[in-house]
Amino acid sequence: MPVARAFARRPDLDDRLSELREAYGELAGLELLRAFLSGPFAGRTACVSSFGAESAVLLDMVAQVDRATPVIFLETGKLFPETLDYQRELCAALGLTDVRIVRPDPPDLARYDADHALHRREPDLCCQIRKTEPLDRALAGFAAWITGRKRFQGGARVALPTIEGDPVTGKIKLNPLADWSIDEIRAWRRRRALPLHPLVVHGFTSIGCAPCTRPVAAGAPPRAGRWWGLDKTECGIHRPGV
């Protein structure tokens, strides 16, 4: 059975993070992306996107810097049809030229989820074979990756830095929108006339796999509809950073 990898402190990663935070720590959003993607990580950075409720803003920024930036989309096989349609629509609208659709390993699905009910029995294992391990494989050739996480999403994200490191892989993670508010996200989307994920108007504020996502009531935490009824708030692709 797949198991999560343990990690220890990595002095090399700590030193690299100190240098990057000194050079880019005052930047955010589009300015951070421009500086980072034209600097030492040019050509060695991928953007990972769920094509969810707020994904359009980050992808629009990436497209403004370089439409050929690799964009990794985890197609778990359990996504809403609306998400798959939105992914195609948004990529076409932004002119992204290197979108990599990553799927689970078929032997893993056959071994652990032959009845398509693993998400009910072992949700962590389901996320691991459908998201964590496929993403690790997809990122193998990159030194850094970009995420769309924000502090206002709550949970483990409330103290999210704009630049962090993955102590397992040693890769740098860039969170350009970490300190953005939901109002800033919405204002950017409207100003840039970016298409909205169709499920947002139905009360979905965070959108993952269909069996594990539901709409939330007005005023509820943005990610309250993810893994509803379970003591689970993250899928596992975002390990504790440094």
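Student: Hi! What relative accessible area does Gly39 have?
Tutor: Gly39 has 23%, so it counts as partly exposed (buried is under 20%, exposed over 50%, partly exposed in between, with a 1.4 Å probe and protein chains only). This is a predicted model, where local features need pLDDT of at least 70 and side-chain atom pairs count only at pLDDT 80 or more, while totals for chains, interfaces and linings use all residues. Residues are numbered from 1 along each chain as its sequence is written, and side-chain values use heavy atoms, leaving out hydrogens and water.

Student: Where does Gly39 sit?
Tutor: In the loop between α2 (29-37) and β1; helices (H or I, at least four residues) and strands (E, at least two) are DSSP runs numbered from the N terminus.

Student: Are Phe36 and Phe41 buried or exposed?
Tutor: Phe36 is buried at 0% relative accessibility, and Phe41 is buried at 5%.

Student: Now the sheet. What's the strand order?
Tutor: The sheet is open, with six strands ordered β3-β2-β1-β4-β6-β5 and mixed pairing (a pair needs at least two DSSP bridges). β3 and β5 (163-165) each have a single partner strand, so one side of each lacks a neighbour in the sheet.

Student: How does β2 pair with β3?
Tutor: β2 (residues 71-74) runs parallel to β3 (residues 99-102), with four bridges joining them. In β3, Arg100 is the bridge partner of Ile72.

Student: What about β1 and β2?
Tutor: Also parallel: three bridges join β1 (residues 45-49) to β2. Ser49 is opposite Phe73 in β2. Helix α3 (residues 55-65) packs on the sheet, touching β1, β2 and β4 (144-146), and its direction makes about 160° with that of β1. Contact means heavy atoms within 4.5 Å; axes are lines fitted to C-alpha atoms, for helices over the stretch in contact, with angles from 0 to 180 degrees between N-to-C directions.
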